[in-house]
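I opened the model to look up two things. First came the charged pairs, then the ligand site.

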Amino acid sequence: MTVNVTETYSPEETYELGVKIGQTCKPGQVFTLIGDLGVGKTVFTQGVAKGLEIDEPVNSPTFTILQEYTRGRLPFYHFDVYRIGDVEEMDEIGYEDCFYGQGICLVEWANLIEEILPEHYYKIVIEKDLEKGFDYRKITIEEIGGPL
Ligand code: ADP
Ligand code: MG
């Protein structure tokens, strides 16, 4: 099991880590993003989109669950399941075509839909530590069920 820890001290650094992931990710990869409100999940996601050469604005799709971006290097499926009531809603939006397709999936609040996560994915946890400063974030990336 591979675990990678990065510490950032500004939104820009978190964004740049996302850019790096967006530049190097491969078709079919799924990333989950766990962390409290305001921790930087959207900042990170915007970096990933940039790394995928997506030029449309990316925000939290809180009211739509899924936002698709098809004009980048790879199709990008951005899920935010914060307001999901039941996992069946994921079936209704056709998540399987995304999780098992040739694009990149990023799922915010994936802990709410744990039972339908694929066997292999990258779990990203973003945490604050106020003792290290207001803008400090610890970002842990763990490969689950891998390597492929
Ligand atoms: P989330 O999507 O997790 O609710 P956002 O990405 O929308 O959070 O917001 C994160 C906020 O925290 C932004 O206002 C950002 O400027 C701020 N911030 C401060 N330091 C950092 C950091 N190291 N990484 C990411 N965001 C940071
Ligand atoms: Mg957000």
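I counted a salt bridge where a side-chain nitrogen of Lys or Arg lies within 4 Å of a carboxyl oxygen of Asp or Glu. The model is predicted, so I kept local features at pLDDT of at least 70 and side-chain atom pairs at pLDDT 80 or more, while totals for chains, interfaces and linings use all residues. Residues are numbered from 1 along each chain as its sequence is written, chains are lettered from A and ligands numbered from 1 in the order written, and side-chain values use heavy atoms, without hydrogens and water.

Entry 1, salt bridges. I got two by this rule. Glu56 pairs with Arg71, with the closest N and O atoms 3.5 Å apart. Glu56 sits in the loop between helix 2 and strand 3 (66-69) and Arg71 in the loop between strand 3 and strand 4 (76-80), so the pair ties together parts 15 residues apart in sequence. Helices (H or I, at least four residues) and strands (E, at least two) are DSSP runs, numbered from the N terminus.

I also found Lys132 with Glu7, at 3.6 Å between the closest N and O atoms. Lys132 is in the loop between strand 6 (121-128) and strand 7 (137-144) and Glu7 in strand 1 (residues 3-8), so this pair links parts 125 residues apart in sequence.

I looked for polar contacts (N or O atoms within 3.5 Å). An oxygen atom of ligand 1 is 2.7 Å from a polar backbone atom of Gly38. A nitrogen atom of ligand 1 is 2.7 Å from a polar backbone atom of Asp135.

Notes
A polar contact is a pair of N or O atoms within 3.5 Å; within protein, one must be able to donate a hydrogen and the other to accept it, and residues adjacent in sequence count only if both atoms are side-chain atoms.
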